[in-house]
Amino acid sequence: MSAITPNPAERWIDLTDDEITPEVIEEILPSINDSVWVAAACVDRLLDDVEAQRCLIRTGLSRTEEASKEAKKALDLARSLGDEQEPGDAEGDYDPSTLEFEDGTPELLVLRRALLQRSDATETYAAVCAECGWSTSKLVEEDSDSDSPTEGSSSESTDVEDDDPWADEDEVPSSPASPQTERGTPPPILLSTFILTPIIDVALLFASTLQFSALRLLTMHHGELLSHRWKILAAIPLHVLPTELSGILSTFDYASEKEKLPDSTPRREPEWVETSEAVPILQTAKLPLVTGSETTVEPSPLLNGVELSKWYTDRVRRIDSELGLVDVALSWVQHGASQGIPGLDELGEDLSLLSRLVYGTSGPSDRRPSNKTKWNLTTWQQTDPRTTINAYLSNSTPDTIASDIRRLVLPYLYVLEVKQERTGKPDPTIPTRYLYDYILSSPLPAVAAIFEASKPILPTSQRLIKKNDDMSRLALACLYGSDELHEWGTMTRIFESLPGGQASPTSDDETAEEAADMTLRAMADF
């Protein structure tokens with residue numbers, strides 16, 4: 001006696017999700033006549049294999065297509081017979097009980113709406129996986145959960161084949177290698193989870209895990225995420241550079257002086273069943289509306305230049321205070337300024353100068369000022385110029401101090417002068433005043449190096465001390481005020497750097513002290 005073959009519906013119910021493949025779908029579901037049952041079965045299942053889920057959605061959409069056409073036709077017919085909506089009524093303001101269509105049509109429309117949403121989510125998921133190199137098959141997800149062989153997996157048989165002593169040594173085994181190359185990286189979220197999770201939560205996941213290619217595609221195909229753009233940007237770790245967020249970060253439209261949103265392109269035009277016109281019919285269905293990752297939010301207003309500047313400033317200060325990454329903070333300011341966002345210039349000046357202190361001072365990296373003092377933007381803005389100059393030159397030697405002053409101190413002093421001008425009270429003495437104060441408090445070897453970099457024979461643009469009279473006054477003040485009485489040779493170097501200065505002739509019997517004494521008398525005469 002032959003076994004009784006179960007009917008297709010029972011076979012489908014008995015299947016687990018892992019057993020459902022495109023071949024199984026095409027074998028069982030087309031043989032079931034009840035379209036509502038088939039469409040509901042397609043909505044009921046959520047698969048992690050992209051191709052199987054696509055096949056499931058196609059099957060469900062094919063069973064609901066006629067119902068959508070029938071309902072739309074019935075609505076158009078009712079309006080043509082005099083049941084048109086009154087002027088001023090909403091698009092979906094009508095009585096669905098006046099429409100004539102077959103039983104089960106509202107249910108099929110509800111299921112079709114759900115399947116369309118799932119189709120969009122599935123296609124977005126497939127595009128994201130392709131862009132990021134993630135695998136999309138169910139088998140890959142299971143095999144990628146662990147690097148070690150699991151019970152019932154094919155890795156055990158692969159090991160046996162690799163150790164087969166009768167195998168041809170020249171033959172390259174293709175079966176173990178090809179799945180490895182085709183699988184790619186397992187995605188951070190499964191398809192079934194992706195479909196059921198609100199799209200904003202998926203975007204926050206991608207943002208927090210640095211999946212920017214995935215986030216870019218998600219934003220492109222789901223424009224509703226733009227209303228959550230600042231929440232998404234807040235989820236991105238602070239160490240990320242703005243150059244990594246192309247297509248995610250808003251730009252600035254200089255003409256309108258407002259924020260310009262990233263481009264967004266929906267995958268398709270909405271079907272009639274997804275419009276508000278179909279809602280009254282959907283509400284008569286004997287099953288609840290099935291929703292997926294659809295999110296409805298109010299459009300977020302565009303920020304103006306001042307508001308954008310505040311957002312950039314707040315992020316930069318968080319980067320600086322929480323991470324201390326001055327270079328990252330500076331890159332954000334530079335990015336915003338390059339967009340034409342106002343109010344970032346002074347912040348950029350401070351960060352640029354601070355970055356030179358943190359990363360550009362002389363000496364080994366473990367001896368830089370940033371390792372001795374917790375320098376950040378707040379500390380920088382509260383520190384007086386003399387302390388800042390001393391920090392710039394704290395590791396300078398007589399061999400490096402001249403170049404360090406040129407590349408570190410002078411730019412800082414010129415910015416101080418510009419800032420003073422912005423207050424309406426210009427003070428052109430700022431660069432020389434602070435530089436001279438530093439020279440007067442420096443040891444003689446450093447002073448000698450500065451004077452040698454200020455010789456009158458050098459071009460004016462290259463001299464650290466540009467005025468000859470200032471050189472003479474500073475030299476006398478440094479030499480007569482110094483207690484470094486053993487630095488006679490250094491004193492001579494300072495005198496030789498002065499205008500008209502020359503070395504005193506010395507005999508073989510003349511001591512360094514006698515030479516220095518002659519140098520001081522010559523300086524006094526000078």
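How does L210 count at 37% relative accessibility: buried, exposed or partly exposed? The close-ups below start with that residue. A quick note before you zoom in: this is a predicted model, where local features need pLDDT of at least 70, side-chain atom pairs count only at pLDDT 80 or more, and totals for chains, interfaces and linings use all residues. Residues are numbered from 1 along each chain as its sequence is written, and side-chain values use heavy atoms, with hydrogens and water left out.

**View A. L210 in the loop between α10 and α11.** Helix α10 covers 199–208 and α11 covers 212–221 (helices are DSSP runs of H or I, at least four residues; strands are runs of E, at least two; both are numbered from the N terminus). L210 counts as partly exposed, at 37% relative accessibility (buried means under 20% relative accessible area, exposed over 50%, partly exposed in between, with a 1.4 Å probe and protein chains only). Although L210 is not a glycine, its phi is positive, at about 65 degrees.

**View B. E257 in the loop between β1 and β2.** E257 is another non-glycine residue with a positive phi, here about 55 degrees. With 53% relative accessibility, E257 counts as exposed.

**View C. I465 in the loop between α22 and α23.** Look for I465 between α22 (444–452) and α23 (468–481). I465 is buried, with a relative accessible area of 0%. Beyond its neighbours within four places in sequence, I465 is in contact (heavy atoms within 4.5 Å) with Y436, I439, I450, F451, S454, D470, M471 and L474. The C-alpha atoms of I465 and I450 are separated by 8.1 Å, and the two residues are 15 residues apart along the chain.
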